[in-house]
Amino acid sequence: METLNNRGADEAAEQEQQMVVNYTPLEILMDQGIAANDIQKLQDAGFHTVESIAHATCRKLAEVKGISEAKVSKLKDVAKGMVDVGFKTAADALEDRKALVTLTTGSVEFDKLLEGGIETGSITEIYGEFRTGKTQLCHTLCITCQMPVTEGGAEGKAIYIDTEGSFRPKRLQDIAERFGLDPTTALENVAYARAQNSEHQMELLKTAGAIMSQDRYVLMVVDSATALFRTDFQGRGELSERQMQLAQFLRQLTRLAEEFGVAVFVTNQVVANPDGMSFAKDSTKPIGGNIMAHACTTRIRVRKGRGETRIATVVDSPTLPESDCQFAIGPQGVCDVTE
């Protein structure tokens, strides 16, 4: 019996180690002849993993102050030798995906809709009108991501970028008590930042990359991704610039999701659809247009139901069918509907 227990403990430790090591720190490049001051320059520019070097364009690396074209060429050669950026079989891709975990939403029905919960390693977008539960779901995920894998968590920390001033630590305490976690420890495991404008929002992603390279983070929340872009760029004259900046922001989010294997969860606002009739089934549409739609792996629309009931609909996903479910917003976060 003792042998079986030891074997089980070893397997659990091995699984945990596989979950932790999913990227290569940039400091490893010193063993390949890259100078320490060059690594520091790259880190200051937002590159914290060998994967980020392998995936970046030469032009982007050349923009880093103090990194010459010759150094860029050497960096790319070394990184490509350490990171597999070529073809692989579908069987290998399937094995890679088995390492991904899902984070419970706090609602059994919502988890069923998403076939387990919010997926790590990709971007999930949720959009809807005000008071539909978007921010409440963000708060709930910040707690559930800390729970054991067997309970729908990922045993990691969360990063929360707030652009609307709606982050409430007290809410996290209430949700932590519901799931049996220590409220003080739960709050310590959430890194929070208030973005003041769209440029600051972009800068925070560099900081987030540095934070995630130092510890085990499994969730990154941006609430909301489009609010500041919507106010900083106004009118049709600035629409093209806004979309270009938004695309850059979303590209950085995708990079962080793939490099660190975190679940990126973003909320989005909606606008009235002038093309739709007032009596149409849905007279609103999410902000960001096709750029937002293409960047997000999974898109979920939420709308109000009766009382505290909300309705979630999968709008776009490479694996999930278009379907919907009901959930509720309770005193301790997202939960199931109780009649």
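Predicted model: local features only at pLDDT ≥ 70, side-chain atom pairs only at ≥ 80, totals over all residues.
Trainee: How many aromatic pairs are found in the whole structure?

Mentor: A search of the whole structure gives five aromatic pairs. In one of them, the ring centres of F167 and Y192 are 4.3 Å apart.

Trainee: Why is the pair of F167 and Y192 called stacked?

Mentor: The planes of the two rings stand at 15 degrees, and planes under 30 degrees apart count as stacked. The pair of F167 and Y192 is therefore stacked.

Trainee: What makes F167 and Y192 a tie between parts of the chain?

Mentor: F167 belongs to the loop between β4 (157-162) and α9 (169-178), while Y192 is in strand β5 (residues 190-194). The pair therefore ties together parts that are 25 residues apart in sequence. F167 and Y192 also form one aromatic cluster with Y160.

Trainee: Is F167 buried or exposed, and how do you know?

Mentor: The relative accessible area of F167 is 10%. Buried means under 20%, so F167 is buried.

Trainee: Why is Y192 called partly exposed?

Mentor: Y192 has 40% relative accessibility. Exposed means over 50% and buried under 20%, with partly exposed in between, so Y192 counts as partly exposed.

Trainee: Which residue lies over the face of F130?

Mentor: That is K304, at 4.0 Å from the ring centre. The distance part of the rule asks for NZ of Lys within 6 Å of the ring centre.

Trainee: How do you know that E95 and K98 form a salt bridge?

Mentor: Their side chains meet at 3.1 Å, N to O. The rule asks for a side-chain nitrogen within 4 Å of a carboxyl oxygen, so E95 and K98 qualify as a salt bridge. By this rule the count comes to twelve salt bridges.

Trainee: What does the salt bridge between R97 and E119 tie together?

Mentor: The closest N and O atoms of R97 and E119 are 2.5 Å apart. R97 lies in helix α6 (residues 90-97) and E119 in strand β2 (residues 118-119), so the pair ties together parts that are 22 residues apart in sequence. R97, at 45% relative accessibility, counts as partly exposed. E119 also counts as partly exposed, at 22%.

Trainee: How far apart in sequence are the parts tied together by D215 and K157?

Mentor: The side chains of D215 and K157 meet in a salt bridge at 2.7 Å, N to O. D215 is in the loop between α11 (198-212) and β6 (217-223) and K157 is in strand β4, so the parts tied together are 58 residues apart in sequence.

Trainee: Which residues are linked in a network of salt bridges?

Mentor: D38, K41 and K71 are linked in such a network.

Trainee: What makes C142 and C145 buried?

Mentor: C142 has 0% relative accessibility, and C145 also has 0%. Buried means under 20%, so C142 and C145 count as buried.

Technical notes. Residues numbered from 1 in each chain as written. Heavy atoms only, no water. Phe/Tyr/Trp six-rings, centres within 6.5 Å; stacked < 30°, edge-to-face > 60°. Helix = DSSP H or I, 4+ residues; strand = E, 2+ residues; numbered from the N terminus. Buried < 20%, exposed > 50% of the residue type's maximum accessible area, 1.4 Å probe, protein only. Lys NZ or Arg CZ within 6 Å of the ring centre and 35° of its normal.
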